[in-house]
Amino acid sequence: VLVNDWQPLLARPHHAEALALARAHGAAPLELANAVRALAIAEHALGDAPAARRLWEEAARLYQQAGVR
């Protein structure tokens, strides 16, 4: 997907669904962190700073669990 073509309003529900599926199926920390990060990016782009911050903090914890620095 080209950055110029990305539409966060349309992407957000898909990222939210991907995250819900990852949680429901017990995804590994790295996979879960990537799903959280994608939703955080969409929330930030849409101006929801509190939601984006909460998601970024969760992603950081998950990346740490996965050994990513």
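Predicted model: local features only at pLDDT ≥ 70, side-chain atom pairs only at ≥ 80, totals over all residues.
Reader: How do you know that the span of H2 agrees with its number of residues?
Author: H2 has 17 residues. The expected span is 1.5 Å times one less than that number, so H2 should span 24 Å. Its end C-alpha atoms are 24 Å apart, which agrees.

Reader: Why is Ala38 called buried?
Author: Buried means under 20% relative accessible area. Ala38 has 18% relative accessibility, so Ala38 counts as buried. Its place is in helix H2, residues 29-45.

Reader: Which other residues of H2 are buried along with Ala38?
Author: Among them are Leu32, Ala35, Val36, Leu39 and Glu43.

Reader: What do the buried residues of H2 pack against?
Author: They pack against helix H1 (8-24) and H3.

Reader: How far apart are the C-alpha atoms of Ala38 and Leu55?
Author: They are separated by 9.2 Å. Along the chain, Ala38 and Leu55 are 17 residues apart.

Reader: What makes Glu58 count as buried?
Author: The cut-off is under 20%. Glu58 has 13% relative accessibility, so Glu58 counts as buried. Glu58 lies in helix H3, residues 49-65.

Reader: Which residues does Glu58 touch, not counting those up to four places away in sequence?
Author: Glu58 touches Arg23 and Val36. Contact means heavy atoms within 4.5 Å. Val36 is itself one of the buried residues of H2.

Note on methods. Residues numbered from 1 in each chain as written. Heavy atoms only, no water. Helix = DSSP H or I, 4+ residues; strand = E, 2+ residues; numbered from the N terminus. Buried < 20%, exposed > 50% of the residue type's maximum accessible area, 1.4 Å probe, protein only.
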